[in-house]
Amino acid sequence: MANGNKPRLSVAKRVVPAASQSPRPSRAEAEEAVRTLLRWAGDDPQREGLKDTPARVARAYEDWFSGYADDPEGYLARTFEEVHGYDEMVVLRDIRFESHCEHHLAPIIGRVHIGYLPDSKVVGISKLARVVDAYARRLQVQERMNAQIANCIQHVLEPKGVAVVIEASHQCMTTRGVHKPGAVMVTSTMLGAFREDARTRREFLNMIGNPVSGERS
């Protein structure tokens, strides 16, 4: 900056999620559970092509569900308070995510759009993407994930408002059941100014292409 001043960094208190009450099974138990499912599906887990599958599935689960070990609020703890009076909307759109439906363990693949109106704090945009991943890498339903992301940002940053829209394809309905490929579910959570002010809400929706109304730019 011209005056040599640097943005003031603020670190919020970190709230660590409570640990699960039930003990986590061992890796050996997890791999044996996969072998059981392979036998139930009608195959032989000892045949050459499936021998290493239980270990591969266990490693995949560590990746897919790594969000349980993450603290979403912690990602937002480092904020910048000196932004030279900037108080306009901050929008990060098209954040791709991969999650899994808690009902069938089928993939949910989509994108998240986030907007917030800063009050006195802003956060690095990569942290918003990390918050999305922390919640997505858990067993989810889209509506809950939508609310979790919005409430997390509202709680930590305390902005004038938060808007979160999620567009996603659910493979529990595209690859099984009703078999409707191409169907996209859209959910939204609007807090503060985005809920109370139609103009603010409309500005955000226009910036992300208005998926809620079905209009795409």
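So, the nonpolar surface patch: Y61, W64 and L105 make it up, with about 280 Å² of accessible area together. For patches, the residues need over 30% relative accessible area and no salt bridge, with like charges joined within 9 Å and nonpolar side chains (Val, Leu, Ile, Met, Phe, Trp, Tyr) within 5 Å. The areas are Shrake-Rupley with a 1.4 Å probe, and for residues only the protein chains shown count as cover.

Quick caveat before I go on: this is a predicted model, where local features need pLDDT of at least 70, side-chain atom pairs count only at pLDDT 80 or more, and totals for chains, interfaces and linings use all residues. Numbering runs from 1 along each chain as its sequence is written, and side-chain values use heavy atoms, with hydrogens and water left out.

Okay, back to Y61. It sits in helix α2, residues 53-64; helices here are DSSP runs of H or I with at least four residues, strands are E runs of at least two, and both are numbered from the N terminus. Y61 is partly exposed at 36% relative accessible area, and W64 is partly exposed too, at 37%. On that scale, buried is under 20%, exposed is over 50%, and partly exposed is in between, with a 1.4 Å probe and protein chains only.

Now the rings. A pair of aromatic rings is described by the distance of the centres and the angle of the planes. The rule takes rings of Phe, Tyr and Trp (its six-membered ring) with centres within 6.5 Å; planes under 30 degrees apart are stacked, over 60 edge-to-face, and the rest tilted. That gives three aromatic pairs. In one of them, Y61 and W64 are tilted, 5.9 Å centre to centre with 50° between the planes. Those two are three residues apart in helix α2, so about one helical turn separates them. Then there's Y61 with F65: the centres are 5.0 Å apart and the planes are at 75°, so that pair is edge-to-face. F65 counts as buried, at 13% relative accessibility. Put together, Y61, W64 and F65 form one aromatic cluster.

On to charges. How many salt bridges does the structure hold? The count is 14, taking a side-chain nitrogen of Lys or Arg within 4 Å of a carboxyl oxygen of Asp or Glu. D52 and R56 make one, at 3.9 Å from N to O; D52 is partly exposed at 48%, and R56 is partly exposed at 43%. R93 pairs with D94, with the closest N and O atoms 2.9 Å apart. Here R93 is at 35% relative accessible area and D94 at 33%. R199 and D197 meet at 3.7 Å, N to O. R199 counts as exposed at 61%, while D197 is partly exposed at 25%. There's also a network: E31, E32, R35 and R39 are joined by salt bridges that share partners.

Last stop, K121. Is K121 buried or exposed? Buried, with a relative accessible area of 13%. You'll find K121 in the loop between β4 (107-117) and β5 (122-123). Its side chain reaches the backbone oxygen of V156 at 3.1 Å. That's a polar contact, meaning N or O atoms within 3.5 Å; within protein, one must be able to donate a hydrogen and the other to accept it, and residues adjacent in sequence count only if both atoms are side-chain atoms. Leaving aside neighbours within four places in sequence, K121 is in contact (heavy atoms within 4.5 Å) with T79, F80, E81, Y116, V156, L157 and E158.
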